[in-house]
Amino acid sequence: MTLQLLEVYAPRDFLNMEEIEGKFPVVSFWTADKELEKKLTRILVETNDVERILDYLENLPGGMDTYQAILLPVQTYLPRKEEKQEEKEKELQRASRHELFTSVEESSRTSISYMLFIVFSSLVAAVGIIKNSPAIVIGAMVIAPLIGPVTAVSFASVLGDFKLIWKASLTSIYGLGIPIAIAALFSFFFSPPIYSDEFLARTDIQVVDVIVALASGAAGALSFVKRNEGALVGVMVSVALLPPAVVFGMSIGSGSFRDAIVPFILLLVNINSILLSAVVVFWLSGIKPARWEDQQNANTSRKLSLLFVSVISIVLLVAIIFINIV
């Protein structure tokens, strides 16, 4: 049983804890007077119930300007509550939509630190490919924060947040454009490492690569909704965006436009697989807006997103088959 502590600082009569306890399975709660007109209420709930309570708070009269809420993780709680076998949750345990949105919004920002991480990881990846060092290339994959903005696009499309879709898309484009440009500059000083296994691995693509990318993308989305940051490291390596972008840049910079086709397709396959898998996982995990009108926009956005990435997947699959036949 995973618990979280919700702290709500609001006017004295804002929260009706009897009503909240009747509507939601609250583990425990505490109140403390902070000012003459306000009080602090701490509500201990299971992770799967946090989103419902936050939605309840958003719909209370007075609006979101009336209160401040903070969500905190709980390492342990005593006395421990015994769980009955028949009461164990059968649904997927995940973080609340509000918590995930905060993380997604942060990863979709084009900050200076984001750009620096991209530059440094691009340099490391380029050197790793030239030296034919898998360890260096894997290190660059882990450093590069490329998967976050791409996942943010999928999350925003499930919510129907078109502003966030645009913002995350621009961040993704910037994040991919930098390694391509750096790799192209490298090609002016170094010949394309055509005998490097790390380079050659990104100039060959098979249908099985699509399956791997889809499975890895789904695993990444699942680890994101469960806030399992450790699993994301493996996803960054298995469905890496940085190495094919660097190889594509090197091929373009050296004027080998024909050789640039396969790494470009591999890059598109990985991006598209993350988008498709993440949209499906977010949808099946029950992520949706709280308000009815927002849900209608989200349904339209989700269907269009699934249609778009599915068509792109079919086109890429045909291109891969054509490349292997020719």
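A salt bridge is a side-chain nitrogen of Lys or Arg within 4 Å of a carboxyl oxygen of Asp or Glu. Keep that in mind as you look through these close-ups of a predicted model, which holds 7 salt bridges.

**View 1. Arg 42 and Glu 7 form a salt bridge.** The closest N and O atoms of the two residues are 3.0 Å apart. Arg 42 sits in strand S3 (residues 38-46) and Glu 7 in strand S1 (residues 3-11), so this pair ties together parts that are 35 residues apart in sequence. Arg 42 is partly exposed, at 29% relative accessibility, while Glu 7 is buried, at 15%.

View 2. Asp 49 has a relative accessible area of 7% and is buried; Arg 52, at 40%, counts as partly exposed.

**View 3. Asp 55 and Arg 97 join two helices.** Their salt bridge brings the closest N and O atoms to 2.7 Å. Asp 55 belongs to helix H2 and Arg 97 to helix H3 (residues 97-107), and the two are 42 residues apart. Asp 55 is buried at 15%, and Arg 97 is buried at 9%. Look for Glu 51 too: Glu 51, Asp 55 and Arg 97 are linked in a network of salt bridges.

**View 4. Ser 154 is a buried residue in helix H6.** The helix covers residues 147-159. Ser 154 counts as buried because its relative accessibility is 1%, and buried means under 20%. Leaving aside residues up to four places away in sequence, Ser 154 touches Ile 274, Leu 275, Ala 278, Val 279 and Phe 282.

Note on methods. Residues numbered from 1 in each chain as written. Predicted model: local features only at pLDDT ≥ 70, side-chain atom pairs only at ≥ 80, totals over all residues. Heavy atoms only, no water. Helix = DSSP H or I, 4+ residues; strand = E, 2+ residues; numbered from the N terminus. Buried < 20%, exposed > 50% of the residue type's maximum accessible area, 1.4 Å probe, protein only. Contact = heavy atoms within 4.5 Å.
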